Amino acid sequence: PTLDEEEAVARALLIGDSIRMAYAGGVAQGLRGLVDIVEIPENGGDSANLLAKAPGWLDAVDPDTIDIAHVNCGLHDIKRPFASAERQVDLSAYTVNVRAILSLVRERVGGQVIWASSTPVVYERHHVRKGFDRFDADVIEYNAAADAVARELGVATHDLYAAIAEDGVAECVGADGVHMTLRGNDLLVDR
């Protein structure tokens, strides 16, 4: 579809981790002429980092001009040293951080806020290629906690986990067990 010259293009802000960074260009291309994608050029990292940096990022993009903010974090939070039960950010701190992040973005952005769930992890691939572990069970647990916070706050959830799981995790998650293949990124762009 094309827009008349007089019609305003919506602006969508994408904040998140490297998964977001990989699909953002495809989203911008697919929505060209309809939605102007404003991307934070930095990897958001874990929820504590994202929370600390979000005020500055929002100031830099003039939040009053944002129609939609699409936010996620979680894959960095679930990092574990090998043979450890300790996650980089424990679940209770993650839940507090997600609540603070969504509250801040809702307060500051003039438009709709959407929480994006974390995508699946393939442990066997990840374990042999990274210097730490991630487990899909942790992704599921953290996604459930974040989804509960989003529902409480009246924020919609964009279920990226389900998008990948429904199409086939083995084909969508790449060799490192966490980043998407071309097929996975294309699927996230389409969703």
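User: Which residues of α5 are buried?
Analyst: The buried residues of α5 are D138, V139, Y142, N143, A145, A146, V149, A150 and L153. Keep in mind that this is a predicted model.

User: Where do they sit, seen down the axis of α5?
Analyst: They fall within an arc of 165 degrees, so they line one face of the helix. On the other side of α5, A137, R151 and E152 are exposed.

User: What do the buried residues of α5 pack against?
Analyst: Their partners are α3, β4 (112-116), β5 (156-158) and α6 (160-167).

User: What span should α5 have, and how far apart are its ends?
Analyst: Helix α5 covers residues 136-153, which is 18 residues. At 1.5 Å a residue, α5 should span 26 Å. Its end C-alpha atoms are 26 Å apart, which agrees.

User: And what follows α5?
Analyst: G154 does, with a positive phi near 75 degrees.

User: Switching to strands. How many residues of β4 are buried?
Analyst: Four of the five, so β4 is largely enclosed by the rest of the structure.

User: How is strand β3 joined to β4?
Analyst: By four bridges, and the two strands run parallel. β3 spans residues 68-71. I68 stands opposite Q112 in β4.

User: What does the chain cross through from β3 to β4?
Analyst: It goes through α3. This β-α-β crossover is right-handed.

User: How many bridges pair β4 with β5?
Analyst: Three, again in the parallel sense. W115 has T157 in β5 as its bridge partner.

User: OK, the core. How many residues are in the largest nonpolar one?
Analyst: It has 53 residues. Those with the most contacts inside it are L13, A69, Y94, L102, V105, W115 and L188. As background, nonpolar side chains tend to be buried together in soluble globular proteins.

User: Take L13. What does it touch?
Analyst: Leaving out residues up to four places away in sequence, L13 touches V38, I40, L58, V61, I66, I68, A69 and H70.

User: And T119: buried or exposed?
Analyst: T119 counts as buried, because its relative accessibility is 2% and the cut-off is under 20%. T119 is in the loop between β4 and α4 (123-129).

User: Which residues is T119 in contact with?
Analyst: Setting aside neighbours within four places in sequence, T119 is in contact with I19, L75, V139, L160, Y161, I164, V178, M180 and L188. V139 is also one of the buried residues of α5.

User: What about phi of A83?
Analyst: Phi of A83 is also positive, near 60 degrees. A83 is in the loop between β3 and α3. Its relative accessible area is 89%, so A83 is exposed.

User: Last one. Where is A93?
Analyst: A93 is in helix α3, residues 91-108. It is partly exposed, with a relative accessible area of 28%.

User: How far apart are A93 and V128?
Analyst: They are 35 residues apart in sequence. In space, A93 and V128 are 28 Å apart, C-alpha to C-alpha.

Note on methods: Residues numbered from 1 in each chain as written. Predicted model: local features only at pLDDT ≥ 70, side-chain atom pairs only at ≥ 80, totals over all residues. Heavy atoms only, no water. Buried < 20%, exposed > 50% of the residue type's maximum accessible area, 1.4 Å probe, protein only. Expected span 1.5 Å × (residues − 1). Arc of directions from axis to C-beta. Contact = heavy atoms within 4.5 Å. Pairing = 2+ DSSP bridges. Right-handed = clockwise from strand over helix to strand, strands pointing away. Core = buried A, V, L, I, M, F, W, Y, C linked by side-chain atoms within 4.5 Å.
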